[in-house]
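Here are some exercises to work through with the sequence and the model side by side. Try each task before you read its solution.

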Amino acid sequence: FQPDGKPAGFFEGAAGQRFFQPTGVAVARDGSFVVRDFDPSFSKPRMWRFNAARQLLDQRNLDGTDLASPKHLQGTAFLPDGDLVFADAVAPDFNLFFWPKDQFAPERFAMRGRELTQLDAPAAAALDEQFLAVTDAGNQRVLILNGQQDYQPAMVLSKPRFDFDAPDGVAVHRKAPGAPFNEALVYVADPGRHSLFIASPQGE
């Protein structure tokens, strides 16, 4: 995409609107994608959805405000069927949201709390071929959810083995497609510890 006078690859918005401090992006297998930013008042997080032809499908404000922390709008991932999951650590209930591609609005993925099936200020989400890793910052842990079991918790990376303070970014890597997940590596960025944790689901 190359608007007149812009460098190759430049994409600044749609429908007469421009992105305002975009901080998150995710691309689906079919080439459709989402962009996360704030509205120009810097008071409302927004979500933009585009098809593979870069045509705007939907754009809406999300609940919650955080005037000082645009970094909390990065956790976005597409599920294999094209549905979307995103973390919104500035929403009133600090939660993870699920947005089916054929649904008008997102729905809450879990309730806020400290139980294994609850979240508190999730900051990021990363999709593996089977599992969804979520940094549950308020609970100082990383939850691994099993996509083949309706995204129920499969394992937890937490204290005392992993001394997280405020886990933020997360990524999952398998050495080869179909390789056992217990041989995978989970990368966790923790600004509170000024550290990058590299862990295996085996707890190493």
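## Exercise 1: the surroundings of an arginine

Leaving aside residues up to four places away in sequence, Arg174 touches Asp128, Glu129, Gln130, Phe131, Ala179, Pro180, Phe181 and Ala184. Keep in mind throughout that this is a predicted model.

**Task.** Find the place of Arg174 in the chain, decide whether Arg174 is buried or exposed, and find what its side chain reaches.

**Solution.** 
- Step 1: start with the location. Arg174 sits in the loop between strand 15 (170–173) and strand 16.
- Step 2: check the accessibility. The relative value for Arg174 is 12%, and buried means under 20%, so Arg174 counts as buried.
- Step 3: look for polar partners. The Arg174 side chain makes a polar contact with the side chain of Asp128 at 2.5 Å, and it also reaches the backbone oxygen of Ala179 at 2.6 Å.

## Exercise 2: salt bridges

**Task.** How many salt bridges does a search of the whole structure find? Then examine the pairs that involve Asp120 and Asp163.

**Solution.** 
- Step 1: the search gives six salt bridges.
- Step 2: take Asp120, whose partner is Arg112, with the closest N and O atoms 3.0 Å apart. Asp120 is buried at a relative accessible area of 12%, whereas Arg112 is partly exposed at 42%.
- Step 3: move to Asp163. Asp163 is partly exposed at 38% relative accessibility, and Lys159 is partly exposed at 38%.
- Step 4: Asp163 also forms a salt bridge with Arg193, where the closest N and O atoms are 3.2 Å apart. Arg193 belongs to the loop between strand 16 and strand 17, and Asp163 to the loop between strand 14 (152–157) and strand 15, so this pair ties together parts 30 residues apart in sequence. Arg193 is partly exposed, at 31% relative accessibility.

## Exercise 3: the nonpolar cores

**Task.** Which residues have the most contacts inside the largest nonpolar core, and which strands each supply at least two residues of this core?

**Solution.** 
- Step 1: the largest core has 16 residues, and those with the most contacts inside it are Val142, Ile144, Leu157, Phe164, Val170, Val186 and Val188.
- Step 2: trace the strands. Strand 11 (122–127), strand 12 (131–136), strand 13 (141–146), strand 16 (185–190) and strand 17 (195–199) each supply at least two residues of this core.
- Step 3: zoom in on Phe164. Its contacts beyond four places in sequence include Val142, Leu157, Val188 and Phe197, and also Lys159 and Arg193.
- Step 4: look for another core. A second, separate one has 14 residues, including Leu96, Phe98, Ala110 and Leu143.

Notes. Residues are numbered from 1 along each chain as its sequence is written. This is a predicted model: local features need pLDDT of at least 70, side-chain atom pairs count only at pLDDT 80 or more; totals for chains, interfaces and linings use all residues. Side-chain values use heavy atoms; hydrogens and water are left out. A nonpolar core is a set of buried Ala, Val, Leu, Ile, Met, Phe, Trp, Tyr and Cys residues joined through side-chain atoms within 4.5 Å. Buried means under 20% relative accessible area, exposed over 50%, partly exposed in between (1.4 Å probe, protein chains only). Helices (H or I, at least four residues) and strands (E, at least two) are DSSP runs, numbered from the N terminus. Contact means heavy atoms within 4.5 Å. A polar contact is a pair of N or O atoms within 3.5 Å; within protein, one must be able to donate a hydrogen and the other to accept it, and residues adjacent in sequence count only if both atoms are side-chain atoms. A salt bridge is a side-chain nitrogen of Lys or Arg within 4 Å of a carboxyl oxygen of Asp or Glu.
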